[in-house]
Amino acid sequence: MKIVKNWLDKDLAWRVRNYLLAQPYTYSEVSHDKADNKFFNCPFDLHSNPYIMWVAEKLVKEFGYDINIMRAYANLQFTGMNGEWHTDDGETTCLWMATESLPKGSGEFQTKDKKVKFDFNKLIMFDSKTVHRGMAPKKFNTPRITLAFKTKRA
């Protein structure tokens, strides 16, 4: 697992954050096929969305080798919308934390052996087959948005 704090330039990070907050989300996403907890999701076109293209370009540079980005989407969670344990498709999942930093123990990204505090503009890159989940924020009416990229080697 690789964690990069303050990953995007501050101005770009705020612009992407504001863009993600303004998107239409659907209340239909689940962590896996048998999951009970739903949360909001917004898929993105990798080839026509300038914000997503900018972030994807920076992501490719972060890897230091050729990758294909298979898909990108944002997840939006509020209190009570905890993710459930699951694995992802692809080889590496890249998760960018897009909304305000949350207090310790709120909105964490978790693996079976690690908890990562939710901090604005933090990037987490991890093996897609690592069992993980995203926890909801504890503070009422506070959004937790992550921008996810599913990747594989080119």
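1. Does phenylalanine 120 count as buried or exposed? In this predicted model, phenylalanine 120 counts as buried, because its relative accessibility is 17% and the cut-off for burial is under 20%.

2. Eight aromatic pairs are counted in the model. Among them is the one formed by tryptophan 14 and phenylalanine 120, a tilted pair with 4.8 Å centre to centre and 40 degrees between the planes. Tryptophan 14, for its part, counts as partly exposed at 39% relative accessibility.

3. A stacked pair is formed by tyrosine 19 and tyrosine 51, whose rings are 4.5 Å apart centre to centre, with 20 degrees between the planes. Here too distant parts of the chain are linked, with tyrosine 19 in helix H1 and tyrosine 51 in helix H2 (residues 50-63), 32 residues apart. Tyrosine 19 is buried, its relative accessible area being 19%, while tyrosine 51 counts as partly exposed at 24% relative accessibility.

4. The rings of Tyr19 and Tyr51 also belong to a cluster, in which ring pairs link them with Phe44 and Trp54.

5. Apart from the ring pairs, a contact between a charge and a ring deserves a comment: the charged end of lysine 112 sits over the ring of tryptophan 85, at 4.3 Å from the centre of that ring.

Methods. Residues are numbered from 1 along each chain as its sequence is written. This is a predicted model: local features need pLDDT of at least 70, side-chain atom pairs count only at pLDDT 80 or more; totals for chains, interfaces and linings use all residues. Side-chain values use heavy atoms; hydrogens and water are left out. Rings of Phe, Tyr and Trp (its six-membered ring) pair if their centres lie within 6.5 Å; planes under 30 degrees apart count as stacked, over 60 as edge-to-face and the rest as tilted. Buried means under 20% relative accessible area, exposed over 50%, partly exposed in between (1.4 Å probe, protein chains only). Helices (H or I, at least four residues) and strands (E, at least two) are DSSP runs, numbered from the N terminus. A charge sits over a ring if NZ of Lys or CZ of Arg is within 6 Å of the ring centre and within 35 degrees of the ring normal.
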